[in-house]
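Please go through the model below, which is a predicted one.

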Amino acid sequence: MSFKNSVQDLTLLPEWAEQEAVILAWPNADTDWHPWLNEVQITYVDIINAINDANAIVILLCRKQELVLIKSLIPDTAKVLCVTCDYNDTWARDYAFLTCESANGNVPVSFRFNGWGQKFDATKDDTINRLILASLCQQPMQYCDIVLEGGALEIDQNQHLISTRSCLFNKLRNGELTEKEYVDIVAHQLGVSMASIFQHGHLDGDDTDGHIDTLVRFTPLHALVIQGAYNRPDDVHFEGLFKLRTECEKAFPKH
């Protein structure tokens, strides 16, 4: 499904836009990482170091009782701002604000988060933007009262947005809205000029209902990276991912 819409003052930035900071949520014993907690925390330290090496700071959401451990693991020179708060999940990509460009600087835009269609408790995650992150932003946070996760959206430098029908139109996310109402709100709020909503791409065990960030990604060189199973014809995903590739070729014939 594709459509065109007028672009407003805010424009969602593509993934390769310059980053001033990256938001992470520290894994603790009350998150899904519990069985592998020590290994995962070391991996987070590696991620923090890599982000710092790319000249960006880390805004690290963490519980107060984790501060001593965190400070013992990260280098003294690390560019990290620890922000104490409580949360349900570490997947900040899906509940933290999105960054949009405007004539007056970058603007944070917040959507509601309900645990990927009410699959998990997200009452704490849904308050992070309003109660915690808004005060850290230079521009006032803009709030949009619909459910939408960051991983459900991918956009390029031409404001062409891609997503999946199975995620966007899940009735447990925004069941009260028609498809047109929902897509029009997203397009207007994020300055989208065109959108392609793909029908295929189901992955077994995917709690997100088909987040685009595991299926199709734009590159800064005007190309697409597409999830596939072309070398495994017996895989249960083979047919669906083949159809997804066909949809991508139709939506982006010059890529």
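A residue is called buried when its relative accessible area is under 20%, and exposed when that area is over 50%. By that cut-off, the buried residues of helix α1 are Leu37, Val40, Gln41, Tyr44, Val45, Ile48, Ile51 and Asn52. Around the helix axis they cover an arc of only 150 degrees, which puts them on the same side of α1. Glu39 and Asp53, on the other side of α1, are exposed.

What covers the buried residues of α1? The cover includes the strands β3 (21-25), β4 (57-62) and β5 (80-84), together with the helix α2 (67-73).

The length of α1 can be checked against its residue count. The helix holds 17 residues, 37-53, and at 1.5 Å a residue these should span 24 Å; the C-alpha atoms at its ends are 24 Å apart, so the two values agree. Asn55 follows α1, and its phi is positive, near 65 degrees.

The next element is a sheet. In general, the strands of a sheet pair through backbone hydrogen bonds, either parallel or antiparallel. Here four strands form an open sheet in the order β2-β6-β7-β8, and the pairing is mixed. The edges are taken by β2 (11-12) and β8 (142-147); each has a single partner strand, so one side of each is left without a neighbour in the sheet.

Within this sheet, strand β6 (residues 98-101) and strand β7 (residues 107-112) run antiparallel and are joined by three bridges. Thr99 stands opposite Pro108, a residue of β7.

Taken along the principal axes, the box filled by the C-alpha atoms is roughly 50 × 50 × 40 Å.

How much of the chain counts as buried? The share is 46% of the 255 residues. Contacts in the chain can also be sorted by separation in sequence. Among those between residues at least 6 apart, 73% join residues at least 24 apart.

Technical notes
Residues are numbered from 1 along each chain as its sequence is written. This is a predicted model: local features need pLDDT of at least 70, side-chain atom pairs count only at pLDDT 80 or more; totals for chains, interfaces and linings use all residues. Side-chain values use heavy atoms; hydrogens and water are left out. Two strands pair if DSSP finds at least two bridges between them. Helices (H or I, at least four residues) and strands (E, at least two) are DSSP runs, numbered from the N terminus. The expected span of a helix is 1.5 Å times one less than its number of residues. Buried means under 20% relative accessible area, exposed over 50%, partly exposed in between (1.4 Å probe, protein chains only). The arc is that of the directions from the helix axis to the C-beta atoms. Contact means heavy atoms within 4.5 Å.
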